[in-house]
Amino acid sequence: MTVTEKIESLIKSNKIILFMKGTPDSPECGFSSKIIAIFNQYDALKFEHFNIFEDSELREALKKYSNWPTYPQLYV
């Protein structure tokens with residue numbers, strides 16, 4: 001599976017996925033922290049996350065895939 005296929009698989013297999021720095025329990029940047037705080041206001045909101053620090057190849061490829069250079073990136 002190519003990195004682009006992995007990105008597409010993650011997006012297609014989740015209704016909501018957040019590509020973020022860190023995890024929801026331990027966000028590693030202010031923007032990731034802010035979006036998690038917003039999500040936490042909605043008890044029934046279910047979402048998946050992907051810590052971009054765990055896969056440098058995916059982190060760089062997602063920037064090209066989305067044509068957006070920064071994180072977090074939210075796909076619904």
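Modeller: Quick note first: buried means under 20% relative accessible area, exposed over 50%, partly exposed in between (1.4 Å probe, protein chains only). This is a predicted model, where local features need pLDDT of at least 70, side-chain atom pairs count only at pLDDT 80 or more, and totals for chains, interfaces and linings use all residues. Residues are numbered from 1 along each chain as its sequence is written, and side-chain values use heavy atoms, with hydrogens and water left out.

Colleague: OK, so is Phe 19 buried or exposed?

Modeller: Buried, as its relative accessible area is 0%.

Colleague: How many aromatic pairs are there?

Modeller: Three, with ring centres within 6.5 Å (planes under 30 degrees apart are stacked, over 60 edge-to-face, the rest tilted). One of them, Phe 19 with Phe 50, is tilted, at 5.8 Å centre to centre and 50° between the planes. Phe 19 sits in strand β1 and Phe 50 in strand β4, so that pair links parts 31 residues apart in sequence.

Colleague: And what about Phe 19 and Tyr 75?

Modeller: Edge-to-face, because the planes are at 85°, with the centres 5.7 Å apart. Tyr 75 is in strand β5, so here the parts tied together are 56 residues apart in sequence. Tyr 75 is buried too, at 17%. Phe 19, Phe 50 and Tyr 75 make one aromatic cluster.

Colleague: Switching to helices: at what angle do α1 and α3 cross?

Modeller: Roughly 75°, with the axes coming within 9 Å. That makes α1 roughly perpendicular to α3 (65 to 115 degrees). Helices are DSSP runs (H or I, at least four residues), strands likewise (E, at least two).

Colleague: Which residues make the contact?

Modeller: Among them Ile 7 and Leu 10 of α1, and Leu 58, Leu 62 and Tyr 65 of α3, with contact meaning heavy atoms within 4.5 Å.

How values were computed
Axes are lines fitted to C-alpha atoms, for helices over the stretch in contact, and angles run from 0 to 180 degrees between N-to-C directions. Angles under 35 degrees count as roughly parallel, over 145 as roughly antiparallel, 65 to 115 as roughly perpendicular and the rest as oblique. Rings of Phe, Tyr and Trp (its six-membered ring) pair if their centres lie within 6.5 Å; planes under 30 degrees apart count as stacked, over 60 as edge-to-face and the rest as tilted.
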